[in-house]
Structures are given as structure tokens and as C-alpha cells.
Amino acid sequence: MKKFTIALLIASAVTFGAFAQQSITEPDASIVGNDSARQALREVGVDRFEREGLWNTHISSDYGAIIGRLFDSNGPSAKEPLEDTRAVDLKDDKVLGVKVEFFRRGVNSFYIKAIRPIPIEGVTKTVSVWVAGRNMDHNLYLLVQDYNGNNFELWMGTLAHSGWKKLSVAIPPTIDGVRGIVQQSVYHGDKPGLRIIGFRVDCNPDKAIGSYYIYFDDLRAVTDLYDMENRDEDDMMDNW
């Protein structure tokens, strides 16, 4: 019986060793870093809310009145510096304020939209914006348009926070290049893949009463510019 137990232990150790050898393999140098090598991620400024008249506001006249305007402010103190060389000299001393006067409680929404959709070069990975939501349990959505002109909405988060907060959302990649948010095509590689339409705020019916204020600053995106930065200068543009 003792010899059988020892033999069983030896057999188990050999089996485990063989399993370990099969599971642990040497890294394949031909595939390591393929994803990062084919990406050129950059954080770029989309809009700093510095120019009057570039954003419109809207709410159903059955539920309330709305107005938007710029205010002199340095914005949130926790903002990270933007390393985009094209934005170094741009002003950054205003924020966009929106005021809503609710007529009555109800299930309603209001919109903050750019006058024209704002294009983002490359393949957008994330979009972020600083928001002062006045600690109300409303929900903020990002409205975008993809390469094919299809519109989508992405939940950015709740506005139940005091002071400024950076809200971010990841842009989900398309699975097959047809369904979902399509940002690139082999047919027209020079066309921007994503456009920012604006924002929608879905109001909590219990909190949609009286006056509500919300402020926006520093709309940014992290985008992959690999294809654009590595495009052959002598290549033809497919835009004729």
C-alpha cells in the first residue's frame, strides 16, 4: 500500500510538470507589441468653449425654458495640461453655462448641441469633458455621429456630484466594420471617423423643478492618429 501511494505521488508530479510545460510558453517576438506598434494615441482638444454662438441649447417648450452663455472662468483647477502642440496658444479662460427653468416635473430631456458637428481626426478611443452638475441626479449622454453618418448616444455618467468633475466615455469599436460605431473605411481613409454632435441631459423627474444650472469646460478626445501620421505624402486623395 505504501509503495502504491509513493508511485501515485510520483505520477501526479510528472503529470503536473507536463501540464505546466504545456501551459507556459516563451513569448512570441513576432506578435508582442503589435497593437501598440500600430497605434499613435494622442490626446487632442475638441473644444474649450471659448467662442460665443458655437453651441445651441434646446428643451421642449412644454417642460421649460433654457438659455446658454459663456462665463469668464479658469475652469476646474484639476485639469491636466494638454500636450497637443496645436492647442498651446489657444485661450482657455471661459466656460459654457446652461440654465434651465422647469415648468413642471416630468420625464424630460434638454440638449446642448454644436452648431455644426465637430470632427475628430483618426480613430477616437475616449471622449471627456469637465462638468459642474450641481449635485443633481440627472444623466449626461454624449451624442456622436460615425463615419457613415449614423447617430449614437453614449452614457457619460450621472451629474450627482458637487463642483467640477471630469466625465469620460469610451467609444466602443465596431465588430465587423458594419454594425455599431464605424470610424474608418478602406474606401476613404482621409475622412474623419467621428463627429461630436453635443450632449443630452436626461432629467430625474423628481429633481426637474425650479432652476437648474450646469457648466461645461474642456472637451477632449484620445484618438489614434497612426494612419494619418503614416500616410504617404505622395499618395493620392480619394476625394474627387
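This is a predicted model: local features need pLDDT of at least 70, side-chain atom pairs count only at pLDDT 80 or more; totals for chains, interfaces and linings use all residues.

Modeller: A salt bridge here is a side-chain nitrogen of Lys or Arg within 4 Å of a carboxyl oxygen of Asp or Glu. Residues are numbered from 1 along each chain as its sequence is written, and side-chain values use heavy atoms, with hydrogens and water left out.

By this rule there are 10 salt bridges. Side chains of opposite charge can pair when their charged atoms come close.

Start with Asp-72 and Lys-94. They form a salt bridge, and their closest N and O atoms are 2.4 Å apart. This pair links distant parts of the chain: Asp-72 lies in strand S3 (residues 64-72) and Lys-94 in strand S4 (residues 94-102), 22 residues apart. Strands are DSSP runs of E, at least two residues long, numbered from the N terminus. How open are the two partners? Relative accessible area sorts them: buried means under 20%, exposed over 50%, partly exposed in between, with a 1.4 Å probe and protein chains only. Asp-72 is exposed, at 65%. Lys-94 is partly exposed, at 25%.

Next comes Glu-43 with Arg-220. Their salt bridge has its closest N and O atoms 3.5 Å apart. Again the pair links distant parts of the chain: Glu-43 sits in strand S1 (residues 41-47), Arg-220 in strand S11 (residues 210-224), and 177 residues separate them. Glu-43 is partly exposed, with a relative accessible area of 29%. Arg-220 is buried, at 4% relative accessibility. Glu-43, Asp-218 and Arg-220 are linked in a network of salt bridges.

Now look at Arg-179 and Asp-176. Here the closest N and O atoms of the salt bridge are 2.8 Å apart. Arg-179 is exposed, with a relative accessible area of 57%. Asp-176 is partly exposed, at 38%.

To recap by partner: Asp-72 pairs with Lys-94, Glu-43 with Arg-220, and Arg-179 with Asp-176. Among these residues, Arg-220 is one that counts as buried, while Asp-72 and Arg-179 count as exposed.

Conventions: Helices (H or I, at least four residues) and strands (E, at least two) are DSSP runs, numbered from the N terminus.
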